[in-house]
Amino acid sequence: MAKKKKRAPLPELPSGVWLFDSHCHLDMEDYSTDRLAVIQRAARAGVSKMMTIGIDLPSSRAALRLAESNPGIFCAVGIHPHSAAEADDAALTEISRLAQSVKVRAVGEIGLDYAKMHCPAEEQIIAFRRQLELAAELKLPVIIHDREAHEETMAILRQAAPFQQRGVMHCFSGDLTLAREVVDLGLYVSLPGVLTFNKTEALREVAREIPLESLIVETDAPFLTPAPYRGKRNEPAYALYTAQCLSEIRGITLAEVAAQTTLNCERLFTLEGK
Ligand SMILES: [Zn+2]
Ligand SMILES: [Zn+2]
């Protein structure tokens, strides 16, 4: 029988310091056999809080169920641009109903995805605008997904600004100029595991130059697994690899990165003291 391969050790946080995974999808099928183990592994490694994000109505409901049964898990409810066609009146009413739970800390993920174009751009734009309005009504921050749609996303956000409740550009994939525009709108920039890959100079520049007060980290698990697990299934504990990479780029300690990005998440999702 083949020997079980040993896991690479996770970067270690000093006691009393935690890391917040600002974006994962714990409801997905990928975790159907070991979801609880994944959550416990994260907690043991110090990734004790996480936001699990809805992409449509079923996943938003599932995200809320997970959040309601785990103290460290909070969630966002919303309709992803891939499913923009589903964002009709009934769906938005259901999103508002779900958002009455204190465990719902954001509307998302919402935005534009011109890379895959599962939905025509016009439909994506309508769904994005309507959910920005909904978030404002609900007084919740927004989690924005922008793939190859930087210009249009920023134009819509500028029209919707100022954001009373703030938000985050998740899985940031632009350059420093765009990151500065995002921060000027009062939004956070969320860095994914892509930061740990080779040849990501533009993203590394963002990680180096944007004030730490405006940065948070995420896994987007089960996707976008950081090195050394690139290509495998991602999980919230691996946010530590991205945080470590960020600390090396900035020449500060992992503990400093963890403390500040966690504080940022707590401010963004109004979880201070929770
Ligand atoms: Zn996304
Ligand atoms: Zn996502």
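This is a predicted model: local features need pLDDT of at least 70, side-chain atom pairs count only at pLDDT 80 or more; totals for chains, interfaces and linings use all residues.
Angles under 35 degrees count as roughly parallel, over 145 as roughly antiparallel, 65 to 115 as roughly perpendicular and the rest as oblique. Residues are numbered from 1 along each chain as its sequence is written.

Let us start with the sheet. Eight strands make an open, parallel sheet, ordered β1-β2-β3-β4-β5-β6-β7-β8. Strands (E, at least two residues) and helices (H or I, at least four) are DSSP runs, numbered from the N terminus, and two strands pair if DSSP finds at least two bridges between them. β1 (20-24) and β8 (215-217) are the edges; each has a single partner strand, so one side of each is left without a neighbour in the sheet. Between β4 (residues 104-113) and β5 (residues 142-147), which run parallel, there are six bridges.

Now for a pair of helices. Axes are lines fitted to C-alpha atoms, for helices over the stretch in contact, and angles run from 0 to 180 degrees between N-to-C directions.

| Feature of α2 (residues 57-68) with α3 | Value |
|---|---|
| Packing angle | about 5 degrees |
| Distance between axes | 11 Å |

α2 and α3 are therefore roughly parallel to each other. In their contact (C-beta atoms, placed from the backbone, within 7 Å), Leu57, Ser60, Arg61 and Leu64 of α2 meet Ala91, Glu94, Ile95 and Leu98 of α3.

Finally, just after helix α4, Lys139 has a positive phi of about 55 degrees.

Notes:
Chains are lettered from A and ligands numbered from 1 in the order in which they are written. Two residues are in contact if their C-beta atoms, placed from the backbone, lie within 7 Å.
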